[in-house]
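Here are my notes on the model for your review. Please read them with the sequence and the structure side by side.

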Amino acid sequence: MNAYKTYITITDPKQVVLSDLPFQAGQKVEVIILAEDNQRATLAAELKKLFKEIQATHADHPLTEEEIAAEIEAYRQGE
């Protein structure tokens, strides 16, 4: 199966118009329509994944309250 990918912007939600396609007249094709992801939702999902990875990193050696306080103080002092 050959694949052809193109992008269009929907101007009329009742129809999709594709032009200049590399297919023969009468050729049967499968059409799959995928909407562009909402960038904000994608970024939120990536951030959640990052938080889980960070939590897993410290699962075997969790930070103590003293270590957290020291890191906060160092950040406040610009270190």
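1. In what follows, buried means under 20% relative accessible area, exposed means over 50%, and partly exposed lies in between (1.4 Å probe, protein chains only). By that scale tyrosine 4 is partly exposed, with a relative accessible area of 39%, and phenylalanine 23 is likewise partly exposed, at 34%.

2. This is a predicted model, in which local features need pLDDT of at least 70 and side-chain atom pairs count only at pLDDT 80 or more, while totals for chains, interfaces and linings use all residues. Residues are numbered from 1 along each chain as its sequence is written, and side-chain values use heavy atoms, with hydrogens and water left out.

3. The structure holds one aromatic pair (ring centres within 6.5 Å; planes under 30 degrees apart are stacked, over 60 edge-to-face, the rest tilted). Tyrosine 4 and phenylalanine 23 form this pair edge-to-face, with 6.0 Å from centre to centre and 85° between the planes. Both residues lie in the segment before helix 1, so the pair ties together parts that are 19 residues apart in sequence. Helices here are DSSP runs (H or I, at least four residues), numbered from the N terminus.

4. Aspartate 20, also found in the segment before helix 1, has a positive phi near 55° although the residue is not glycine, and its relative accessible area of 75% makes it exposed.

5. For helix 2 (residues 65–76), the end C-alpha atoms are 17 Å apart, which agrees with the 16 Å that its 12 residues should span (1.5 Å times one less than the number of residues). Glycine 78, which follows helix 2, has a positive phi near 85°.

Notes:
Helices (H or I, at least four residues) and strands (E, at least two) are DSSP runs, numbered from the N terminus.
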